[in-house]
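Here are some notes to go with the model, written for someone opening it for the first time. Keep the viewer beside you and take the points in order.

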Amino acid sequence: PGQRRRRIGLDRTIVCYSMGVMVTEGMRNGFEGMIVGSAASALSQLEESETVLQCHALRSLDVLADLFWHEISPALSKIQALSGDEEFPDAKLAALVSAKVLFHLGELDEALEYALAAGDRFDVSASSEFSRTLRGRCIDEYIAIRVRQDGQAKDIYPGLGVVVERILDECVHKGEVQEVLGVALEARRLDRVEDTILNGCKSAEERVTSLGYCFRCAQTLVASRSYREEVLRLIADLHRREAQPDQVAIALCLAFVGDDRGVAEIFSMLLSSSASSPEQEESNELIALQIAFDIYDNDTPQFASKVLTHMGIHPSTST
């Protein structure tokens, strides 16, 4: 009551005499930086018929939602309607405000739907409880869908895959490579595993360390045997692309998938007479011994016998 507003020239300044506060449409974050004790003024603007005032109200409500969600909740249906209006210029912002209010109301599934509808308005890098919780929920939902459909799932929520990609890109940007690899492995996204190793790691040492992490995950977290074999073959292939491939790691991957011929080829390469120096020859022999010990410790004698057979060695059946 008693609130008056007027436009002032090209500046399109909105003067709210009831609060004694002057704000402009150019302010991105509404009342950010000012002490505000209520969302009443913004909610009043939301009821206006003019689109410019509704947009300004949403910018203010976006900032105020975490504190005054209980005041905003009675207007939730109005905000949700704006988010679904294709002609409304700030529909994505309306979706984001809806998501924040629903989040505080405990409606996490619905909050996720509206956060996804908000598109790039949903800041996946923010440190707020709202962003952290919905980031985790996005990833959990994405992994569950992919596993349920054996890596071939389509999004339940439109835009879920896009948001997950944004989250993973942000993690890579922050140097959180292992977090990305863990999600990608669980979600059966071997393309993302490969891309993260090749483009997300900043050095050969980091790539080898990350491949070791993937190997441990494959051995301890991956339940599907067929998928584990895919992961291990990819790890072996990525090791081979290094300037100095880790032959022990490659042999272990091949041994765990039962590729006796591949392991035999590694032995033959290491024990050939093509070493460039006596030191290199000695190093190759030590690597071969390490692989032999690892195979003996981790697998059955039958596998070792098959490897020897491929090398033209016929082991005695006696003990």
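Predicted model: local features only at pLDDT ≥ 70, side-chain atom pairs only at ≥ 80, totals over all residues.

1. Arg225 has a relative accessible area of 63%, so it is exposed. Glu229 comes out at 27% relative accessibility and therefore counts as partly exposed.

2. Now step back for the overall picture. The chain runs to 319 residues, of which 44% count as buried. Its secondary structure consists of 15 helices and two strands. If you take the contacts between residues at least 6 apart in sequence, 57% of them join residues at least 24 apart.

3. One of the pairs is Asp62 with Lys100, whose side chains meet at 2.6 Å, N to O. Asp62 belongs to helix H2 (residues 51-72) and Lys100 to helix H4 (residues 91-104), so this bridge ties together parts that are 38 residues apart in sequence. Are these two buried or exposed? Both Asp62 and Lys100 are buried.

4. Arg207 and Glu242 make another pair worth a look, with their closest N and O atoms 2.6 Å apart. Arg207 is in helix H10, while Glu242 is in the loop between H11 and H12, so the bridge links parts 35 residues apart in sequence. Arg207 and Glu242 are both buried.

5. Some charged residues go beyond simple pairs. Salt bridges link Glu165, Asp169, Arg189, Asp191 and Arg192 into a network. I'd select these five together in the viewer.

6. Have a look at the backbone of Arg188 too. What is its phi? The value is near 60°, which is positive, and the residue is not a glycine. For context, most residues other than glycine have a negative phi. Arg188 is in the loop between helix H8 (177-186) and helix H9 (190-200). Its relative accessible area is 19%, and because buried means under 20%, Arg188 counts as buried.

7. Next, the pairing of H11 with H12. H11 covers residues 225-240 and H12 covers residues 247-256; their axes come within 9 Å and cross at roughly 160°. That angle makes the two helices roughly antiparallel. The crossing is left-handed. On the H11 side the contact is made by Leu232, Arg233, Ile235, Ala236, His239 and Arg240, and on the H12 side by Ala249, Ile250, Cys253, Leu254 and Phe256. Sorted by type, the residues of this contact are eight nonpolar, one polar and two charged.

8. How do H6 and H7 cross? The axes of H6 (residues 129-148) and H7 (residues 160-173) come within 10 Å, at an angle of roughly 120°. That makes H6 oblique to H7. This crossing is left-handed. H6 brings Arg135, Cys138, Ile139, Glu141, Tyr142 and Ile145 to the contact, and H7 brings Leu160, Gly161, Val163, Val164 and Ile167. Here the residues divide into eight nonpolar, one polar and two charged.

9. Last, a look at Cys214, which lies in helix H10 (residues 204-220). Its relative accessibility is 1%, so Cys214 counts as buried. Which residues does Cys214 contact, leaving aside its neighbours within four places in sequence? They are Leu181, Leu185, Val193 and Ile235.

Terms used:
Residues numbered from 1 in each chain as written. Heavy atoms only, no water. Axes fitted to C-alpha atoms, helices over the stretch in contact; angles between N-to-C directions. Helix = DSSP H or I, 4+ residues; strand = E, 2+ residues; numbered from the N terminus. Parallel < 35°, antiparallel > 145°, perpendicular 65-115°, else oblique. Left-handed = near helix turned anticlockwise from the far one by under 90°. Contact = heavy atoms within 4.5 Å. Nonpolar A, V, L, I, M, F, W, Y, C, P; charged D, E, K, R; others polar. Buried < 20%, exposed > 50% of the residue type's maximum accessible area, 1.4 Å probe, protein only. Salt bridge = Lys/Arg side-chain N within 4 Å of Asp/Glu carboxyl O.
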